[in-house]
Amino acid sequence: MFGEPVKRVEDDRLLRGQGAYLDDLGHDALAAAFVRSPHAHARITSVDLSAARRAPGVLAVFSGTDLAAEQGSLPCAWPVTPDIVIPNHPPMAVDTVRYGGEIVAAVVARDRYAAADALELVDVTYEPLEPVLDMEAALAEGSVKVHEAGNKSFTWPFANGDIEAAFRDAPVVLERTYRQQRLIPCAMEPRAVVCAPVGDEFTMWTATQIPHVLRVMLALVTGIGEQNLRVIAPDVGGGFGSKLQVTAEEVLALLIARRLGRPVKWTESRSEGNVAVHHGRDQLQRIRIAADADGRLRGLDVDLLADMGAYLMLVTPGVPLLGAFMYNAIYKMDAYRFSCTGVFTTKTPTDAYRGAGRPEATYAIEHIIDDLAAHLGMDPLELRMRNWIKHEEFPFTTIAGLTYDSGNYEAATAEARSLFRYDELRAEQAERNAAGGTVRLGIGVSTFTEMCGLAPSRILGSLAYAAGGWEHASIRMLPTGKVEVVTGSSAHGQGHETAWSQIVADELGVPFEDIRVLHGDTQVSPKGMDTYGSRSLVVGGTALVSACGKVRDKARIIAAGMLEVAPEDLEWDAGRWAVRGDPDQGKTIGEIAFAAFAAHALPEGVEPSLDSDATYDPDNFSFPHGTHLCAAEVDTETGAVKIRSYVAVDDVGVVVNPLIVEGQVHGGIAQGVAQALYEEAAYDSSGNLVTATLADYLMPSAADLPSFVTSRTSTPSTSNPLGVKGVGEAGTIASTPAVVNAIVDALRPFGVADVPMPCTPERVWRAIAEARGSADPEGASA
């Protein structure tokens, strides 16, 4: 089964409408709704709940003052420096609001319609304060303070090598500033939560990526004993980091259910989500690169401003630091310096979004590598080949201190170059440039790697992360030979039930259809570190293999007793322990499982069970890589961009299920292209989010995207026994710079070196006009 393109077993149920998403649950629960601040920054001078409390169907209405003594502060689990400023973050604001959409009151009614009506009757009076929207202005002397301690949360430095020497007398030094625009995660299923009390115990169903982490954090925030909390993530319709969070709504649902002694439910509207779900990216990247005249890289210097938003959420400060180890990418150099300053603004808090720090880093280095190639008059692929780590040099310790265990950038690039018809397109580009047409062809290159399998606990600890990165798995051998797999990885669309069954089918020699995978319920799966950072297969899958090995070891001892031979005389073959040299004498894993259940003649001291657990904590990350190439046509009169062809060749190590990998790559590319061309969370001068609906926040549909040509090379990881690497974020990390580099490549003859993302027709047109020293249509088309 390993490596076979098995169709996902989850899909039949979900496509037939038999799934159990959050809004399908809790029909008998009370409905909660939240009043949210219309101001980006304001003092709350009064909250009048009287009219809302008298409204038909309303059972309770709460202000921040009502819950102040019990609501605690939403957690930040990543205090990246000893002197970091982590402001108190109440789930419901008490005296000050610091971003539009912050909760200021809660209404609980018999149904959501009565709750929605009563929201209009809550009368909150505000004293507006000046918003803080620009990171550089926020750090300036005399700026309005978001928090009393100021607008700087932390500065995190890293350096390796002599950066001054690398830049001193360097023949070529380029300096660029790139902007990572703010993005809004838009999972197919909005967030929702149902919380039901039974005595002093509470069960929470929630659309989350992290049921295990959430349970721990809810206990810490509310003081409710962890043993009295059960968290269930049922079918979850996508996450992309947006559900890697401990949210205000989850904490408030728990507190209100405890207050009222009744089940409480909240379901988010899409426009509500756009202001309240944590946002992604939003960084200002200043980057310098030094090189010799032949293109050999000498040094890289990165100075980063990262917009935290109004508060630090679960892993907000750590997100840009994940990128710190990836700016050097696949390249060798003598020195590297990185500094990140986290800045508070009066905007929705940011946190992890697909790729989490690594797309930002890859964009900056791949963009400036293309700029350097243009400056030197070199082909951008040739410059990369001159500087990347050769396949025979692995394992390789980079200038950022990570040890890449395996890779073959030459193979992935050669495959991509062939599929893309790179040389033919370059020839066509030269012909079209010489002809001087208005529609120009650009070719974008992105040769990337990423650190994923986010796990090594000792490394996370060295970076001040509060939790570990291990993962847990259990195998339950049922008497009839069927298997229950319990995993601490919590799926939200990745196909775990299918892939995990494929692994166990091979490891135990049982039929694929005889395996059931259980996950997402802290009572069924009490141990786990959940799903994010492309870690499920690399860490959770390896834990699964280890647990299967323990099952086989137990079965060997019982089989030896059944066959009246010594355990060392048995060998494993396709689901059975057989006598070495006499393969007809053996017992299948199913026969052994029933013998353990009956327990009539077990060897002395052997427990009547094959069930086994395993916890795996890797020693290193995994490092998938690949080459993505994009050909884009740019209309210089209108600024319109059309992706003509896109080739992605990824190396994700050993592949368990090619169909799942293909789906992850396609979805990742779509999100990366969306950042390059379409999506941006925009605020007006008062701090109002003006892209609060999908009528204003432009998400691409299938009609807006090209067909992708995909392929794979494979260099197995040596850091885990499966040889696997992550794939969930690869497409997102690689595609954004490939697309933007293609647009800029098309416009270099006009003197354009950058187009701010998203590269809308207007921005492309303005970039051409500004490069020509004119901002009028006649000048742009001259």
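## Charges over rings

A charge sits over a ring if NZ of Lys or CZ of Arg is within 6 Å of the ring centre and within 35 degrees of the ring normal. The charged end of Arg 552 meets this over Trp 572, 5.9 Å from the ring centre. Arg 288 lies over the face of Phe 167, with 4.0 Å to the ring centre.

This is a predicted model: local features need pLDDT of at least 70, side-chain atom pairs count only at pLDDT 80 or more, and totals for chains, interfaces and linings use all residues. Residues are numbered from 1 along each chain as its sequence is written, and side-chain values use heavy atoms, leaving out hydrogens and water.

## Aromatic pairs

The whole structure holds 18 aromatic pairs. Rings of Phe, Tyr and Trp (its six-membered ring) pair if their centres lie within 6.5 Å; planes under 30 degrees apart count as stacked, over 60 as edge-to-face and the rest as tilted. Trp 156 and Phe 158 are stacked, because their centres are 6.4 Å apart and their planes are at 5 degrees.

Phe 394 and Tyr 409 pair edge-to-face, at 5.6 Å centre to centre and 80 degrees between the planes. Both are buried (under 20% relative accessible area, with a 1.4 Å probe and protein chains only).

## The second largest pocket

What is the volume of the second largest pocket? The second largest pocket has a volume of about 500 Å³. Its lining has 22 residues; Ala 31, Ala 32, Arg 112, Tyr 113 and Thr 267 lie nearest the centre.

Notes:
Buried means under 20% relative accessible area, exposed over 50%, partly exposed in between (1.4 Å probe, protein chains only). On a 1 Å grid over the protein atoms alone, a cavity is a set of points where a 1.4 Å probe fits but cannot get out, and a pocket is an open set with protein on both sides within 12 Å along at least five of seven lines; lining residues have an atom within 4 Å of a point. Grid points are joined across faces, edges and corners, and a volume is the space filled by probe spheres set on the points.
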